[in-house]
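Here's a quick briefing to read alongside the coordinates. Have a look at the model first, then work through the notes below.

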Number of protein chains: 2
Amino acid sequence: LRFPVPVCLNSPRDLTRRLLSTALPDVEIHYAGSATEATPQLERSQIVYGWGFSVDLLRRIWMQKMGAGVDDLAEEWPFGSKVVLTRTDGRLIGTRMVEYVIAAILDKTSRFDVARRLQSERRWEYFEIGSIQDLCIGVAGLGEIGSEIGRVLRDLGADVIGWRRSPVDCSSVRQVFVGFPELHSFVRECDVLILALPLTQETKNLFNAEVLKHCRRGIHLINVGRGAVLDESALLDGCETGRVGHATLDVFALAGYSSVLVAPQITITPHVCGPLIPERIIPHFLRNYAAFETGKQMQHVVDVSRQY
Amino acid sequence: LRFPVPVCLNSPRDLTRRLLSTALPDVEIHYAGSATEATPQLERSQIVYGWGFSVDLLRRIWMQKMGAGVDDLAEEWPFGSKVVLTRTDGRLIGTRMVEYVIAAILDKTSRFDVARRLQSERRWEYFEIGSIQDLCIGVAGLGEIGSEIGRVLRDLGADVIGWRRSPVDCSSVRQVFVGFPELHSFVRECDVLILALPLTQETKNLFNAEVLKHCRRGIHLINVGRGAVLDESALLDGCETGRVGHATLDVFALAGYSSVLVAPQITITPHVCGPLIPERIIPHFLRNYAAFETGKQMQHVVDVSRQY
């Protein structure tokens, strides 16, 4: 392998191109508007950087996923360790997700909707608002993104607890619940439950009717991770019975669109909360490129057996 | 003067009573449902704790205002230093105000209203949301409350600047603009402008048509301090011309109610963002009572010549 090696990149925003070409003037970089457009160029590339590629196109040396989630690739990764799969550092995306989560929580507690309804009816009435400081907020998934969410909510005065598959020291939450046996006790304490989990065989539909049954009545669910960790038909049932007070979803299993759209207890946004900002993610790629070039350990290498 | 001295308190929530009576078992405390109800009991009281009293009822020794603002009393305070006027520490109220301010900002940037409108129309469309990290946020008033607001917004990644009547070292903001000559330069930089000022002769109607003219087009105004610092007819004009993009008001000059209510660019809430929470404010009163009893310096003594 001779450096510089060709790189193939999709999602070619102008700024992304400029940052990469400036930093790697000697590298042959193919830019494509989409994974499909990139197909012919993949032949000459040893490194692939982007998202939305099907696994069979990735028989290269190194694939850097643009994004923190790799469920689309890891589930049927046929290359073992022959092709290195890396992902984007969640902390580079996390701060914007934190903002979305805070917005979703305060959207309910601050009751601006009540204010505006009274205004539109020309009525003047006193009402009280809630506070994040009175809430127990659970974060399911304490990776880079979940930990950051927990830390900021704790700084704002919430009582924050967390759930994770395996034990971890995490100072961003008051208590960590560990593994599937503790999931019910975890959700039982939450006024707000934030899903920040990777999608794996174990987390698919993890939040199903059985788990929702153990949630506090009127719980506010917020999903910023992967749609398929939440069983959407169980969610719709939960909205009907009042078990779920509100759900704010930035991700969803596509099958649920039509029914999800009509439930008044559900606010959906079109996967907007963790944008990939070139100024943040390109330097991360460049650090990995430098490591790759010098044979050092790259960062955020995916363990494809765990699927994240 | 012999201790314990009688205390008169209005706004007698159960918890307030319980906390006070438990802490001061030997003090004769009169509880009244309102300032008017308290009038007969005032005869026997040397200390008054509460709010909404007219100045002529306060010829006692010490008045502790329940609340951080004292404009209702300080403007015509006839007692000089003969009656000590103290107020509540703004930090005890500030954290809830910070939450309101964040909610108001994210209410605009996160665009849940767009999401819900699209849902109600059964439409699926991509849209982008904004971020607090892209905003320059100005805080007018860098007292206990304004500083806390600045600090938290800065932690969330906003570019925060401040304005104050007199120079101050304030690490919660990037830059402090000082005095009336710098007010125009200050507002010119703000995407969001938060008013956290005391009401004094100098600040009354300070944010008038002339100042609004120097604001960025589409500015988001948030008033959590005192309504009368903002000239409401100038605000309504600003909404009409587009100079003001939105205003979120938790306080207002009463005269403006009817017209303010009908402007779609204005969200008003009924003075809910700085509730006086007994568990927080009673200990503050008790510390002052202990100082009063032992002849030590009380905290948060109002300089009535400055009116705050």
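The contact between the two chains draws on 45 residues from chain A and 45 residues from chain B, where contact means heavy atoms within 4.5 Å. This is a predicted model, so to speak a computed one: local features need pLDDT of at least 70, side-chain atom pairs count only at pLDDT 80 or more, and totals for chains, interfaces and linings use all residues. Residues are numbered from 1 along each chain as its sequence is written, chains are lettered from A and ligands numbered from 1 in the order in which they are written, and side-chain values use heavy atoms, with hydrogens and water left out.

**The interface**

- Interface size is often quoted as the accessible area lost when the parts come together.
- Here, chain A and chain B bury about 3,800 Å² between them, with 65% of it on carbon and sulfur atoms; buried area is the accessible area (1.4 Å probe) that two parts lose on being put together, summed over both.
- On the chain A side, Phe112(A), Gln119(A) and Trp124(A) supply 19% of the area buried against chain B, more than any other three residues.

**Chain A as a whole**

- Chain A has 11 helices and 12 strands, taken as DSSP runs numbered from the N terminus (helices are H or I, at least four residues; strands are E, at least two).
- Along the principal axes, the C-alpha atoms of chain A fill a box of roughly 70 × 45 × 35 Å.
- Buried residues make up 56% of the 308 residues in chain A (buried is under 20% relative accessible area, exposed over 50%, partly exposed in between, with a 1.4 Å probe and protein chains only).
- Of the contacts in chain A with a separation of 6 or more, 57% are between residues 24 or more positions apart.
- Chain A exposes about 13,500 Å², and carbon and sulfur atoms supply 49% of it; accessible areas come from the Shrake-Rupley method with a 1.4 Å probe, and for residues only the protein chains shown count as cover.

**Gln307 in both chains**

- Most residues other than glycine have a negative phi.
- Gln307(A) has a positive phi of about 70° although it is not a glycine, and Gln307(B) also has a positive phi of about 70°.
- Gln307(A) sits in the segment after helix H11 (278–293) of chain A, and Gln307(B) is in the segment after helix H11 (278–293) of chain B.
- Gln307(A) is buried at 9% relative accessible area, and Gln307(B) is buried at 8%.

**Met97(A), in a helix**

- Met97(A) belongs to helix H4 (residues 91–109) of chain A and counts as buried at 8% relative accessibility.
- Leaving out residues up to four places away in sequence, Met97(A) touches Ile145(A), Val224(A), Cys273(A) and Gly274(A).
- Met97(A) and Cys273(A) are 176 residues apart along the chain, yet their C-alpha atoms are separated by 5.1 Å.

- Trp163(B) is part of strand E7 (residues 159–164) of chain B and is buried, at 1% relative accessibility.
- Glu28(A) is in the loop between helix H1 (14–23) and strand E2 (29–31) of chain A, partly exposed at 33% relative accessibility.
- Glu28(A) touches Val5(A), Pro6(A), Val7(A) and Arg44(A), not counting residues up to four places away in sequence.
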